[in-house]
Amino acid sequence: MACKDIPEADALPIIALAKSAPLAKWSEGPKGEGSLSLHLGVVCNPPRRGLQIEIYVHRISKVIRRTVDFGLWDTINGEHQRVYQLTVADKDSPTHTEKGVTWFGSHEHLGNRAIKLNGIDDLNFEDALKLFLSKVNLTIEDGQIPDPLAFDLT
């Protein structure tokens, strides 16, 4: 996904803010094909407007692949700007091409700096979510985000 990144130096203090978000429900992603998305408004301490969390599960039926993007975005200036993103993906699958670089496997974007992450490609949703929440200093209120990949008959 092409997007605008804030500079890493600007991202670090935003990531450090204590944040909370109310629990929300999963919805079908804009691309369909089994994709799911979750959007959360963020409350900061000290107060700051414009931050939101987006979690996007890419599930493509043609290729057996699962990629999950956990993102912290800044919309204070009316633009959708990436502050932090954690992508958890199989190491052999191309997740996306961004700025001329094809990414394979898990990585993170800290503002405008992209970093390859080793050893997390096989994380389940719950562990990847815990990692993301700790990276962005976020607490989910009113429960836990349900694993959208878990099989549930209820």
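In the predicted model, W26, F70, Y84, F125 and F132 are joined into a cluster by ring pairs. The count of aromatic pairs comes to 4. Such a pair of aromatic rings is described by how far apart the centres are and by the angle of the planes.

The protein chain contains 2 helices and 13 strands. Of its 154 residues, 45% are buried. The accessible surface amounts to about 8500 Å², and carbon and sulfur atoms contribute 54% of this area. Among contacts with a separation of 6 or more, 48% are made by residues 24 or more positions apart.

Helix α1 spans residues 8-16, and its buried residues are A11, I14 and I15. These residues lie on the same side of α1, because they cover an arc of only 100° around the axis. An α-helix has 3.6 residues a turn, so residues three or four places apart point the same way. The exposed residues A9 and A16 are carried by the face of α1 that is turned away from the buried side.

A two-sided arrangement is also described for a strand. Strand β13 comprises residues 138-141, with L138 and I140 on a covered face and T139 and E141 on an uncovered one. In a regular strand the side chains alternate between the two faces of the sheet. Strand β13 runs parallel to strand β2 (residues 18-22), and 4 bridges join the two. Within this pairing, S20 stands opposite T139 of β13.

The structure holds 6 salt bridges. Side chains of opposite charge can pair when their charged atoms come close. One of the salt bridges is formed by E79 and K4, whose closest N and O atoms are 3.5 Å apart. E79 is in the loop between β7 (65-74) and β8 (81-89), while K4 is in strand β1 (residues 4-5), so this pair ties together parts that are 75 residues apart in sequence. Both partners are partly exposed: E79 has a relative accessibility of 38%, and K4 has a relative accessible area of 42%.

Another salt bridge connects R48 with D74, and here the closest N and O atoms are 2.7 Å apart. The pair links distant parts of the chain, as R48 belongs to the loop between β5 and β6 and D74 to strand β7, 26 residues apart. R48 is partly exposed, at a relative accessible area of 23%, whereas D74 is buried, at 4%.

The loop that holds R48 also contains G50, which lies between β5 (43-45) and β6 (51-60). The C-alpha atoms of G50 and D74 are separated by 5.5 Å, although the two residues are 24 residues apart along the chain. With neighbours within four places in sequence left aside, G50 is in contact with W73, D74, T75 and I76.

E108 lies in strand β11 (residues 107-110) and K135 in helix α2 (residues 125-136), so parts of the chain 27 residues apart in sequence are tied together by the pair. E108 is buried, with a relative accessible area of 8%, while K135 is partly exposed, at 33% relative accessibility.

Technical notes. Residues are numbered from 1 along each chain as its sequence is written. This is a predicted model: local features need pLDDT of at least 70, side-chain atom pairs count only at pLDDT 80 or more; totals for chains, interfaces and linings use all residues. Side-chain values use heavy atoms; hydrogens and water are left out. Buried means under 20% relative accessible area, exposed over 50%, partly exposed in between (1.4 Å probe, protein chains only). Two strands pair if DSSP finds at least two bridges between them. Rings of Phe, Tyr and Trp (its six-membered ring) pair if their centres lie within 6.5 Å; planes under 30 degrees apart count as stacked, over 60 as edge-to-face and the rest as tilted. Contact means heavy atoms within 4.5 Å. Accessible areas come from the Shrake-Rupley method with a 1.4 Å probe; for residues, only the protein chains shown count as cover. The arc is that of the directions from the helix axis to the C-beta atoms. A salt bridge is a side-chain nitrogen of Lys or Arg within 4 Å of a carboxyl oxygen of Asp or Glu.
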